[in-house]
Amino acid sequence: MNRSRKKIYTDFVLEHSSDQRKLFNAAKSLFHQRNDLNSPAYEDQIMLANDIGEFFVQKIENIRSELDLSASDFDESIALNACFDSFEQLSEEDVKNLITKSNGKTSSLDQMPTSIVVQCQDILLPVLTRMMNMSLDSGVFPPEWKVADVYPLLKKSNLDTCTAFENLRPVSNLSYVSKLTERIQSSIKQTIF
């Protein structure tokens with residue numbers, strides 16, 4: 001019995017090992033882990049959502065103030081050495097490779113589902129490439145691309161309630177174009193530094 005169970009788990013991990021997200025989601029379902037938010041202290045779900053949102057906003061404000069304090073100690077010569085005045089233009093092939101490597105997750109903020117963008121990528125490539133190049137050339141990440149759907153998840157699945165908001169972590173879901181542009185910028189940073 002133990003050998004059979006071990007074989008099932010080994011096969012399961014091997015089958016899902018190529019994609020970490022699928023592996024973790026499958027493992028959660030296999031071990032019956034839950035991320036449900038239950039709070040007996042709140043009868044009104046809207047009030048709960050507002051309080052969680054306020055908690056996350058306060059947390060961000062605290063982090064920003066700490067960063068402002070540490071920025072005064074920042075060595076500006078490091079920043080000057082890290083600056084660059086232009087990016088190499090992305091080709092449509094670069095963007096196509098990026099789309100191929102990205103996951104197909106759609107956000108409610110997307111104008112069209114990611115699956116349609118992927119299916120129509122040959123038609124949309126010139127537009128997507130131009131949008132990303134304009135962002136990189138101007139050094140501006142459009143404000144609309146900074147908006148995210150934020151979902152509170154329990155840090156540990158064995159926690160019974162979310163009455164202590166410290167037990168929650170915010171998970172942000174950005175629009176698809178935002179994620180693509182962010183990934184391009186990350187790869188550029190890695191090659192520079």
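Here is a walk through the structure, from the overall fold down to a few individual residues.

What you have on screen is a predicted model. The protein chain is built from eight helices and two strands. Reading from the N terminus, the order is α-α-α-α-α-α-α-β-β-α. Of the 193 residues in the chain, 23% are buried. If you take the contacts with a separation of 6 or more, 66% of them involve residues 24 or more positions apart.

Let's start with a helix pair. Helix H5 covers residues 92–101 and helix H7 covers residues 121–138; their axes come within 9 Å and cross at roughly 110°.

Take Leu 128 as a way in: leaving aside neighbours within four places in sequence, Leu 128 is in contact with Val 95, Ile 99, Val 117 and Val 177.

Now for the aromatics. The structure holds three aromatic pairs. One of them joins Phe 55 and Phe 56, a tilted pair with 5.8 Å centre to centre and 55° between the planes. Phe 56 is buried, at a relative accessible area of 9%. Another pair is Phe 55 with Phe 165: the ring centres are 5.8 Å apart and the planes sit at 55°, so this pair is tilted. Phe 55 lies in helix H3 (residues 45–71), while Phe 165 is in the loop between strand E1 (148–154) and E2, so the pair ties together parts that are 110 residues apart in sequence. Both Phe 55 and Phe 165 are buried. Phe 55, Phe 56 and Phe 165 together form one aromatic cluster.

Finally, have a look at two loop residues. Ser 175 is found in the loop between strand E2 (168–174) and helix H8 (176–192). Lys 146 has its place in the loop between H7 and E1. In sequence the two are 29 residues apart, and in space their C-alpha atoms are 8.5 Å apart. Which of them is buried and which is exposed? Ser 175 is buried because its relative accessible area is 9%, under the 20% cut-off. Lys 146 is exposed, with a relative accessible area of 56%. Not counting residues up to four places away in sequence, Ser 175 touches Ser 107, Leu 109, Asp 110 and Trp 145. For Lys 146, leaving aside neighbours within four places in sequence, the contacts are Phe 141 and Leu 174.

Note on methods
Residues are numbered from 1 along each chain as its sequence is written. This is a predicted model: local features need pLDDT of at least 70, side-chain atom pairs count only at pLDDT 80 or more; totals for chains, interfaces and linings use all residues. Side-chain values use heavy atoms; hydrogens and water are left out. Helices (H or I, at least four residues) and strands (E, at least two) are DSSP runs, numbered from the N terminus. Buried means under 20% relative accessible area, exposed over 50%, partly exposed in between (1.4 Å probe, protein chains only). Contact means heavy atoms within 4.5 Å. Axes are lines fitted to C-alpha atoms, for helices over the stretch in contact, and angles run from 0 to 180 degrees between N-to-C directions. Rings of Phe, Tyr and Trp (its six-membered ring) pair if their centres lie within 6.5 Å; planes under 30 degrees apart count as stacked, over 60 as edge-to-face and the rest as tilted.
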